Amino acid sequence: MIRVPGDYARLDQAVTAAADGDTVLMSNPTEHFGRYVIQGKALSVIAPNGTSLTLGSFLIENVPAGKQVSVFGITIAGILVRNCAGSVLVENCTLSMFS
């Protein structure tokens with residue numbers, strides 16, 4: 001498990017460093033704007049129940065067959081999935097446009 005903050009200060013750093021199959025736990029109730037790219041690996045990005053966490057957008061691409069990217073419990077501005085033979089699970093998330 002990779003913790004943000006803790007192991008890394010920012011989500012983009014944790015996603016880049018994550019190995020195939022890792023889980024990134026976002027435990028700081030805050031807002032992190034930006035575009036986060038998950039490319040070519042299975043990865044879970046989760047916020048624990050009760051954590052108020054708002055992120056920018058996700059680009060998820062090239063997830064291999066038999067692999068899955070999971071996003072759980074986060075408010076996100078948008079999500080784009082492309083060129084994936086694997087699956088993407090978005091659960092208990094709120095999709096919200098920035099004003």
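A17 is found in helix α1 of a predicted model. Helices here are DSSP runs of H or I with at least four residues, strands are E runs of at least two, and both are numbered from the N terminus. With 42% relative accessibility, A17 counts as partly exposed, a label that lies between buried (under 20% relative accessible area) and exposed (over 50%), using a 1.4 Å probe and protein chains only. From A17 to T51, 34 residues along the chain, the C-alpha atoms are 23 Å apart.

Residues are numbered from 1 along each chain as its sequence is written. Local features need pLDDT of at least 70, side-chain atom pairs count only at pLDDT 80 or more, totals for chains, interfaces and linings use all residues, and side-chain values use heavy atoms, with hydrogens and water left out.

Zooming out, the protein has one helix and nine strands, and buried residues make up 36% of its 99 residues. The C-alpha atoms fill a box of roughly 35 × 30 × 20 Å along the principal axes.

Now for the inside. A nonpolar core is a set of buried Ala, Val, Leu, Ile, Met, Phe, Trp, Tyr and Cys residues joined through side-chain atoms within 4.5 Å. The largest one holds 22 residues, and L11, V24, V45, L55 and F58 touch the most other members. Helix α1 (11–17) is among the elements giving two or more residues to this core, as are β2 (22–26) and β5 (54–61). Leaving aside residues up to four places away in sequence, F58 touches L11, V45 and I79, among others; contact means heavy atoms within 4.5 Å. I79 itself sits in strand β7 (residues 75–82) and, at 33% relative accessibility, counts as partly exposed.
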